[in-house]
Amino acid sequence: MLVVLFGLNFSNAQQTIWQGCATATYSVTNTVGSTYAWSVTPAAGTISGNTTNAIGINWTAVATGTYTVSVTETNSNGCPGTPQDVLVTIIATPTAAATVTPPTCSVATATIEVTAPTGTGYQYSIDNGVTWQSSTTFANIAANTTYNVIVKSQSGCLSSATPVQVIPQPTTPVTSPITFN
């Protein structure tokens, strides 16, 4: 994941990361001769590349909560610039949720609709992450099968999997011929 903070004050910039999953890259425009001091408040994550214009922060072992990533550029004359900030909110990794429209007597297949988490940039899988699609709807799904629904965030974080059972197609009764005396 790349978060770019160019020379404007981004005190309102925000990012949300699912707990236990992401290493993110943060950068500002590089100025020749400048050094950069990065910090996370409250202290969290592991920062790599701290005096450069771009760093990586490993957020994988960080508790849920909101953190401020700050950078201050100091130019070759020793003058510090205005700190730039981004708020990073670490949330609990969501569990995927889905509803199933089961097969009917006349329709042999089902539809699975992912209901959470949903949003721009998410990808969805019902085969335990083998294939992905941007639509929350999976149509023409085989009956009598269990599918593992997973959601992937823009940063590649994976939700907890949720097994979804598609019931067998109901059988249509075979009515015996009418008999009479």
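Q: Which cysteine does a disulfide join to Cys 21?
A: This is a predicted model. Two sulfur atoms within 2.5 Å make a disulfide. The S to S distance here is 1.7 Å, and the partner of Cys 21 is Cys 157.

Q: How many residues apart in sequence are the parts that Cys 21 and Cys 157 tie together?
A: Cys 21 sits in the loop between β2 (14-18) and β3 (23-27). Cys 157 sits in the loop between β13 (145-152) and β14 (162-166). The pair therefore ties together parts whose separation in sequence is 136 residues.

Q: Is Cys 157 buried or exposed?
A: Buried means under 20% relative accessible area. Cys 157 has a relative accessible area of 1%, so Cys 157 is buried.

Q: Is the link of Cys 21 and Cys 157 left-handed or right-handed?
A: The angle about the S-S bond is -55 degrees. That makes the link of Cys 21 and Cys 157 left-handed.

Q: Which residue's backbone oxygen does the side chain of Asn 53 reach?
A: Asn 53 lies in the loop between β5 (46-48) and β6 (54-58). Its contacts include Tyr 26, Ser 27 and Trp 38. At 2.7 Å, the Asn 53 side chain reaches the backbone oxygen of Val 28.

Q: How far apart in space are Leu 87 and Gln 14, C-alpha to C-alpha?
A: Leu 87 belongs to strand β8 (residues 84-91). Leu 87 touches Gln 14, and also Ala 13 and Gln 15. Leu 87 and Gln 14 are 73 residues apart in sequence, but their C-alpha to C-alpha distance is 4.6 Å.

Key: Residues are numbered from 1 along each chain as its sequence is written. This is a predicted model: local features need pLDDT of at least 70, side-chain atom pairs count only at pLDDT 80 or more; totals for chains, interfaces and linings use all residues. Side-chain values use heavy atoms; hydrogens and water are left out. Helices (H or I, at least four residues) and strands (E, at least two) are DSSP runs, numbered from the N terminus. A polar contact is a pair of N or O atoms within 3.5 Å; within protein, one must be able to donate a hydrogen and the other to accept it, and residues adjacent in sequence count only if both atoms are side-chain atoms. Contact means heavy atoms within 4.5 Å. Buried means under 20% relative accessible area, exposed over 50%, partly exposed in between (1.4 Å probe, protein chains only). Lists of a residue's contacts leave out its neighbours within four places in sequence.
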